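The following note sets out points for a colleague who is reviewing the model. Please read it alongside the sequence and the coordinates.

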Amino acid sequence: MMKKNNLIKTKTSMKNILLTICLCVLGLASYAQDGVVKGKILDSSGLPLPGVNILVKGTTNGTSTDFDGNYELKCAMGDELIFSFMGFKTQTITVESWLINRTLEDDAEMLDELVVVGYGVQKKSNMTGSVTNIKADDLKSVTTPNIANMLQGKAAGVYVSANSGLPGAAPKIRIRGKSTLSGSVDPLWVVDGVIQSEAPDLNAQDIESTTVLKDASATALYGSRAANGVVLVTTRSAKEGQSKINVSVKTGVSQLSLGNFSMMNAAEMTDYIKSFGNGYSDLDWFTEDAQAIDTDWFDEGTKLGVVQDYGISFSGGNDKMKTYISGNVYDESGAVKGYDYTRYSGRMNVDYKIRDYLTLHPKMSFTYKDISDKQQGVGEMFLNMPYDRPRDDNGDIINPKDESVGWIGRDRSNSIYDLQWNYSESSTLKLSPYLGFDVNIAPGLTFVSSNSFDYQHHNSMSYTDPMSNSGKNDKGAISNYHWKSMNRFSNQLLRFTKSIDEHFFTVMAAYEYNDYKWSTTKAQKNGIVSGTSILDAGAEMKNIEGSQDKYAFKSYLFNANYSYASRYMGQFSFRRDGSSKFGKDTQFGNFYSISGGWNIHNEDFFDIKEINVLKFRASYGVLGNTPSDYTASGKSNYHPSKELYSITNQYNKYPVVSADQLGNDDLTWEKTYSTNFALDIRFLDRFDINMEYYIKDTKDLLYYVTLPATAGFKGYWENIGAVKNQGFEFMFGADIFKGTDNGFAWHIDANIGINTNEVQELYQNKDYTSGNKIRREGEDIDTWYMRKWAGVNTEDGKPQWEIVGEDGEKTLTSNWNDATIQMVGSATPDYFGGLSSVMTYKNFSLSMNMDFVQGIDIYNSSRELYDNDGAYASFNSMSLKSGWSRWTKPGDKATHPQAMNGGNSLSNKTSSRYLEDGSYIKLRNVTLNYSFAGLKTKTFLNNLSVYASVENVFTITDFSGVDPEVGDENSEGETSQYGDYAIPRRFMFGFNFSF
């Protein structure tokens, strides 16, 4: 019986084996006919195309490409595959190999731009958010090492203002207004998907595109850091099958332009002093010999600056590996003597396909900045008297402290004297390694990992010689300052892309971590031997100090996009942010957006042939903000909710603990509720119009509340109120001539942004003042608050200000102290925008960029010194601008009071007298370019172009200062106190070639 059972088992096993063999044979037979075709789909520039539909002709069997343009599809040899994608020509290919890579050609009638957005790319026709894409060529019209300067006038709703013409200086950027009191007001910068701790240092030649995200739909994936907008920068990568070397050379000169501003020469100063209503007999230095000297201190301190910008890049690759390598040197010697800025930068971007399913994206970039500073003070050039001179008759530099020379200027300063020895120098190194990789898990499902860190190290040294006037008291001094930082970033993302017939889905989920830490060390020693430059050479330790701090963010992200037949689009984004800046109970915040779009022109009922595109978009979402990283005094501000104590003070050589900041466990995120409506139109295949209306309601405003000394603590952070911004943006583009007939083409782009803001709520309905500004419910967030100027008394030439009584009655007074402090204007512009034009004819092109600002009130605080009505007789004074006049006799209707020795009734004290209209129109750049044609067939060169350009060509403004843009970066709409470094005019020449 046992043997029989074993036999039955043996027979059954044999049957199973035979059945398995038969199935394998059938499978092999089937595989001989069917298989899996794989490949990658690119656009004409070599970039991968996600979402391309691939369909086996005559069937419903199909798939779509993933985010990297890869696809897999079961089919049989001889089948015909149809490749289709909006904006590109449909291709039909017969399967003759299991590997089919294709490059889709642009469809001129359906061209649809791919735009980089948060954590991915989207077809422009499918976008539902407010996004402005700025191409690389549009950024190169400005010679600057700072990418932020390149954005001026390029995007509606983006206000860019230069703070200084100093080489390397960064501008301020405001996207859709200012919606915070003490939180960060700067946009978030993201480079190749990596969140930056500050505006990046990038070589313009490395930039592929720049995208500005403005509404909640576009920015919500950046959550608590996106309330002020986001600027995405994508660097270049190599294209498959293309190998080339590009060389760019640009050089030129720069000169300072003072606009409407000028200081008095000796003759003007003499007439001015002689006009003093109370005489000048006490000015014993005011002699005929002094009046015979006429020094132009501005001419003494300035020169033609030299600008040089050299770059070289290599790009090339195949289906396995693509490499882009570049190097750049930017050098600028300032138009103010003694300042030199040099930046070296390099980048390597690699895409390496290890397997069909795995691609590595290692990147490495570095920046090294070197600054040598022996610059003369700009303020000194303006304040020094024309009766003083920098050198004597023998050409020797004059020591202004030497009593025998009879120096007249009050500050007895001749910086040329000290700069024979004194100087400072600094260097900053930034290294940015990046490792990313993509894993194609399944058709349409991709895992993307992005990991990087930015390491910066700054070192500066200041040398003060014992022979210099500034070094005599300390017998010379050396100070060293070291600063280093580390910004770490990691994002792990899973993306699923799928198309079913005319339905297209993209779903993304991610985890992200970002932290930042820094430390500083500063030391100074006095008593040195001339020429030494190390701390050990000092005899006495003056001071030594150090600091460090850090913060971290942890985030969870989700995004879903849907479109149907390129007609209806919807998007939902969610981000949960955790920040170390807040306490345990409020550490996490939730931010989200929902948006939709409708391509009306794709509807069957729409038959207006003249209109090519008609699209409606709408979005709503919640964004966040944290307190700014630094206070106005420069102190780090990474723990606003914590109770803090200072241990930097000492008593009897022992450290003393003192209360600093009162804690607030209830402190929470600022939240901005953003609404956006937009309409996009293209008609006659020639004109483009974009109109957007937005509302930004910001709640729980963060504000630092100061406490009286008796409280023990200096202050604390509080959520105190709400601000509302609303505005309208209009963009217009036109192909006025397309060049199809006679070779002449002309394209223009224009934009304008209008933004108003209003403080809607403040803690306990109290007004908050800061400097010369007031925050009051119902008013602009940047409202000026000072005494109101009422002109000059026509009878006695005295200054007048306004008094507002309790009953509202207004009277005039010549006593500054009696005048009423009141609201007198706003630093928020009424509107701003830009205009660009490109004309081409055969091999020539002429481009122009301009921008404008209207209705901004700027407080020109430097006039308190330069336009002082005799208050500082031993300072030079500014010449009266055209249209200004000074009172000299009864009945004169003048803009300026009578000049008096020692001043006229405090006429130069803070008041709206110095509040000016800062409106302007600027022609930023004019460039003429010539491209040589047909070189490839005659030489080794692929192309060669030469160009000449003028930058900062002219400014039309009524502002009396050097430039309405230039001012204090920490105070909206206020010029700096003593000297403003004007934005220079540049004359540039350059050429580019590739081989």
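**Note on the predicted model**

1. Of the 995 residues in the protein chain, 50% are buried (under 20% relative accessible area, with a 1.4 Å probe and protein chains only). This is a predicted model, in which local features need pLDDT of at least 70 and side-chain atom pairs count only at pLDDT 80 or more, while totals for chains, interfaces and linings use all residues. Residues are numbered from 1 along each chain as its sequence is written, and side-chain values use heavy atoms, without hydrogens and water.

2. The protein chain contains eight helices and 51 strands (DSSP runs: H or I of at least four residues for helices, E of at least two for strands). Its radius of gyration is 33 Å, close to the 30 Å of the globule rule for 995 residues, so the chain is as compact as a globular protein of that length. The radius is taken over C-alpha atoms, and the rule is 2.2 Å times the number of residues to the power 0.38.

3. Along the principal axes, the C-alpha atoms of the protein chain fill a box of roughly 135 × 75 × 70 Å.

4. Among contacts (heavy atoms within 4.5 Å) with a separation of 6 or more, 68% join residues 24 or more positions apart.

5. In helix α3 (residues 266-274), the buried residues are A266, M269, T270, Y272 and I273. They lie on the same side of α3, because their arc around the axis is only 160 degrees, taken from the directions from the helix axis to the C-beta atoms. The buried residues of α3 pack against α4 (288-291).
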